[in-house]
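The structure is shown first.

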Amino acid sequence: MYTDCLYDWEQLAGVWDLYEDKGLNLSLAQAEISDLVAPLGLVGCGRGKVLHWLQQALGTHQVAGYDTSTEMVVAARARGCEQVHCITPGGLLPQSEPARTLMVATGVLDPLEPGEATSLLSGLQPFLHPQGQLWIYVFGQFGGSWSFAQALGATGPLGVANHRLFELYEAAQAVGVDAAFARWGIAGKEKLQARVWLHGIGKFVDSVAQRQASNNEQALATVRRITPHTVRHFSEEEIDQIVLAAGLESVSTRRFESHGVLRVAARRRTLADSHAVS
């Protein structure tokens, strides 16, 4: 695994709603609903924000959720989600019938090296209906957040370095937002994206401070400790190679520019497809 990208799932479980505002969130799921075919499974369902909406939209018994975090699963059930299961990495998915759509949420592939991501996607194939599709959501190397991170010098081979964003937040707390922007050379359209990042970090810190009954300085230290050093962002070529290596064929790719999210829909390769590739 990429240790820079590792999430401390149990530590983050209490504030995961803030993460679910990014990536595969409600607005993105709503944009996809007309193309989703049930029965459906959501791998990486977290605290169930998206899962609960999908179960209301498609039917409780048509949608199942899966997560490796016990606390996340408990929170999803408390939210009203049914058919939500705690699983072990590489374990079986409890299901009554094969999924016509199996969604892999943002965050699931983030810490995995290409070989590990390939194994995970390959291992999900037995749980797909023969005509089913695997929908893979990842953060892409595009959109406002990526452009801002580039302007900030916070991008690297794996994605966006969180420590640079935290340093900007600390500077804004110390000298004020406008002064921090001037000092860091942030201007034009990057200012708007910077304010979005600062607002998000601020909400995160406030939430942790309330849970810990601590001050913001202590809460920020906790946030920096429990969040990954790097948030993974994939190129389209990289995710396509992983899909192909997993024995799958990409059917369609969709870019959600405002979210900075890439969705690849893939299906099992047929024998004819395998011969064509070889």
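## Packing of α6 and α12

Helix α6 (residues 114–124) packs against helix α12 (residues 236–245) at an angle of about 50 degrees, with the axes 8 Å apart. The model is predicted: local features need pLDDT of at least 70, side-chain atom pairs count only at pLDDT 80 or more, and totals for chains, interfaces and linings use all residues. Residues are numbered from 1 along each chain as its sequence is written, and side-chain values use heavy atoms, with hydrogens and water left out. Helices (H or I, at least four residues) and strands (E, at least two) are DSSP runs, numbered from the N terminus. Axes are lines fitted to C-alpha atoms, for helices over the stretch in contact, and angles run from 0 to 180 degrees between N-to-C directions.

α6 and α12 are therefore oblique to each other (under 35 degrees is roughly parallel, over 145 roughly antiparallel, 65 to 115 roughly perpendicular, and the rest oblique). Pro-114, Ala-117, Thr-118 and Leu-121 of α6 make the contact with Glu-238, Ile-242, Val-243 and Ala-245 of α12, contact meaning heavy atoms within 4.5 Å.

## Packing of α8 and α9

Helix α8 (residues 162–175) and helix α9 (residues 177–184) have axes 7 Å apart and pack at an angle of about 130 degrees. This pair, α8 and α9, is therefore oblique. On the α8 side the contact involves Arg-164, Glu-167, Leu-168, Ala-171, Ala-172 and Val-175, and these meet Val-177, Ala-179, Ala-180, Phe-181, Arg-183 and Trp-184 in α9.

## The buried face of α11

In helix α11 (residues 216–226), the residues Ala-219, Leu-220, Thr-222, Val-223 and Ile-226 are buried (under 20% relative accessible area; exposed is over 50%, and partly exposed in between, with a 1.4 Å probe and protein chains only). Seen down the axis of α11, the buried residues fall within an arc of 160 degrees, so they line one face of the helix; the arc is that of the directions from the helix axis to the C-beta atoms.

These buried residues of α11 pack against α1 (9–12), α8 and α10 (189–212). Glu-217 and Arg-225 are exposed on the other side of α11.

## Backbone features in loops

Most residues other than glycine have a negative phi, and most peptide bonds are trans. Ala-38 and Pro-39 are joined by a cis peptide bond, with omega about 0 degrees. Pro-39 is in the loop between α3 (26–32) and β1 (40–43).

Gln-83 has a positive phi, near 50 degrees, and is found in the loop between α5 (70–79) and β3 (84–86). Gln-83 is partly exposed, at 29% relative accessible area. Ala-213, in the loop between α10 and α11, also has a phi near 50 degrees. Ala-213 counts as exposed, at 76% relative accessibility.
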